[in-house]
Each structure stands twice: as C-alpha cells, then as structure tokens.
Amino acid sequence: MDELEDAWFALRTGIKIGVSLPHLAADALAAGFDSPALRELAALGVRDDLEARRLLPVALTELGHSLEPQTDAWGELFPWEESRARSGLGSRIWRTGELFPWEESRARFEPDLVARTEQALTIVQRDLDETEAGLGRLTLHWSGEYGEDGEPQLLIGFGGEPHRGGGNPAECLDGADLPHRVLSLAENVQECVMEMFQFYWPTCARHRRGLHLPDWDWDGVGWPVWRCRAEGGHAVAPIGGLRKEPPVS
Ligand SMILES: [Zn+2]
C-alpha cells in the first residue's frame with residue numbers, strides 16, 4: 001500500500017515510475033486491502049499506463065488515503081527523479097536546448113511531411129475543441145535535429161509552450177502516413193495533458209472513464225478510433241470525430 005502511495009506522489013510531481021502499478025495493486029490485494037478501483041487497477045495490462053494513472057488516486061481515496069503530499073515522501077523522491085532521467089543525446093537537446101516554433105521551421109521540411117503533420121494537427125485540435133478540455137491551441141516545436149528516419153524531431157505543446165516531458169523526455173512525433181501521424185499526435189496529447197495538467201483526456205461521456213487509442217503495433221488498417229474499455233469495451237469515435245457531451249440538466 002505504501003508503494004502505491006509513493007507512486008502517486010512521484011507521478012504527481014511529473015516523475016515517471018519504474019514499477020508496474022497493476023503489480024503493486026495486486027500485491028496490495030494479496031496483503032488484504034480491497035476496493036473496486038484497486039481490483040480494476042490490478043487487472044490492467046502493462047500497456048494501460050494512462051488508465052492505471054487515472055485509477056491510482058481513485059483506489060487510494062477508496063482505501064481512505066489522503067492524497068496530500070507528505071514532506072518526508074517528497075524529500076525522498078527527488079533524488080530518484082535524477083537517477084531515472086534518460087541520458088540519450090537527442091533527448092538532452094530537447095530537455096534543455098532551444099526549440100523552434102513549427103511556423104518558423106516548416107519551410108525547411110518535405111512538403112509531404114508538412115501536409116501530413118498539419119492535417120494531423122487540425123484533426124486532433126478538432127477533438128480538443130469538441131471536448132472543451134480548455135487546453136487551447138495545440139502547437140508543434142522542432143528540436144533543430146532530425147531522427148534516425150530522417151524526419152524532424154517534433155514535440156507538441158499548448159499555446160506555444162512546448163512539453164519537454166516530466167521525469168523522462170517527451171516522445172517525438174512519428175507516423176509515416178496520415179493515420180499513424182494522427183495516432184502519434186493524439187498519444188502525445190494524452191501524455192502531455194496527463195503530465196502538464198494532471199487530468200485524463202478524453203473521457204467516455206457514458207462511463208466517465210478515460211478513452212484509449214490503438215496500441216503502438218496497430219495494423220494501420222482504416223482509421224484509429226478512440227475506445228472505452230468499460231462494460232466489455234465500445235468504440236466512441238474516430239480520432240477527430242469526438243463530439244461535445246450533452247449538457248447535464
Ligand atoms: Zn464508455
């Protein structure tokens with residue numbers, strides 16, 4: 001149980017944790033703790049990272065834990081952050097270096113890449129606008145470097161403020177065709193919203209749960225879809241096709 005609480009405080013401060021939340025939840029169940037969200041958390045797979053992070057505070061609250069930081073926990077967690085920081089050269093550049101706004105750098109890139117990227121931006125922005133997440137304009141930022149695939153390393157941000165990542169550097173945008181570009185952008189937005197703003201985006205209007213994107217090894221057939229996993233799972237909308245929730249009366 002203490003491990004789950006420590007994990008929560010680490011995530012709260014933007015630190016990526018090196019432990020599996022479902023494993024910790026299973027350990028807690030085995031130790032005799034029990035709550036609906038804890039059971040749900042324990043049943044998640046390794047790729048349900050965002051869902052796990054959403055469920056963690058719910059489980060802790062159900063189990064009567066306070067989610068206010070404890071000073072001793074904070075003091076112990078910060079050295080951990082440093083030891084976990086990734087040290088790849090590329091990532092060091094965007095952790096600390098200057099980033100160039102997309103508008104100023106786009107003229108350097110292949111027209112195909114520019115078209116694909118800007119279409120993807122429009123599509124994902126539409127979902128953000130429709131869900132009234134209040135996050136403003138999605139922006140892109142170039143690290144000044146190119147990746148191994150020869151494509152520019154692009155990071156996302158909001159309102160011109162790039163997201164460089166929390167404990168680990170943010171992932172660069174990828175996607176060699178439009179559906180994969182859109183998927184990559186939507187994934188980056190989910191990650192960024194979780195880290196910068198501490199909430200889950202987007203959610204299912206019916207079940208009030210976070211929506212999921214296809215896994216990284218998605219076969220690329222058709223168009224990526226937002227799915228809810230509640231009640232056996234259901235498709236909510238294609239990316240770019242989310243609709244406003246009806247007003248609560
Ligand atoms: Zn649902």
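## A bent helix

The bend at a residue is the angle between axes fitted to the seven residues ending there and the seven starting there. Helix H4 (residues 49-62) bends by about 25° at Leu55, with a proline, Pro57, following within four residues. A quick word on the source: this is a predicted model, where local features need pLDDT of at least 70, side-chain atom pairs count only at pLDDT 80 or more, and totals for chains, interfaces and linings use all residues. Numbering runs from 1 along each chain as its sequence is written.

Helices (H or I, at least four residues) and strands (E, at least two) are DSSP runs, numbered from the N terminus. Among the buried residues of H4 are Leu55 and Leu56; buried means that 20 or more other C-beta atoms lie within 10 Å of a residue's own, exposed means 12 or fewer, and partly exposed is in between, with C-beta atoms placed from the backbone. Just past the end of H4, Gly64 has a positive phi of about 85°.

## Helix H9

Now for H9, residues 178-197. H9 is mostly covered, with 14 of its 20 residues buried.

## Strands and a hairpin

Four strands make an open sheet in the order S1-S2-S3-S4, paired antiparallel. S1 (100-101) and S4 (161-162) are at the edges with a single partner strand each, so one side of each has no neighbour in the sheet. Two strands count as paired if DSSP finds at least two bridges between them; S2 (residues 138-146) and S3 (residues 152-158) have six. His141 sits opposite Leu155 in S3.

Elsewhere, S5 and S6 form a hairpin with five residues between them, and Glu231 in the turn has a positive phi of about 50°. Trp226 has Ala237 in S6 as its bridge partner.

## The cores

A nonpolar core is a set of buried Ala, Val, Leu, Ile, Met, Phe, Trp, Tyr and Cys residues joined through C-beta atoms within 7 Å. The largest one here has 29 residues, and Ile156 and Val189 are among those with the most contacts inside it. H9 gives the largest share of this core, eight residues. There's also a second, separate core of 18 residues, including Leu4, Ala7, Leu38 and Leu56.
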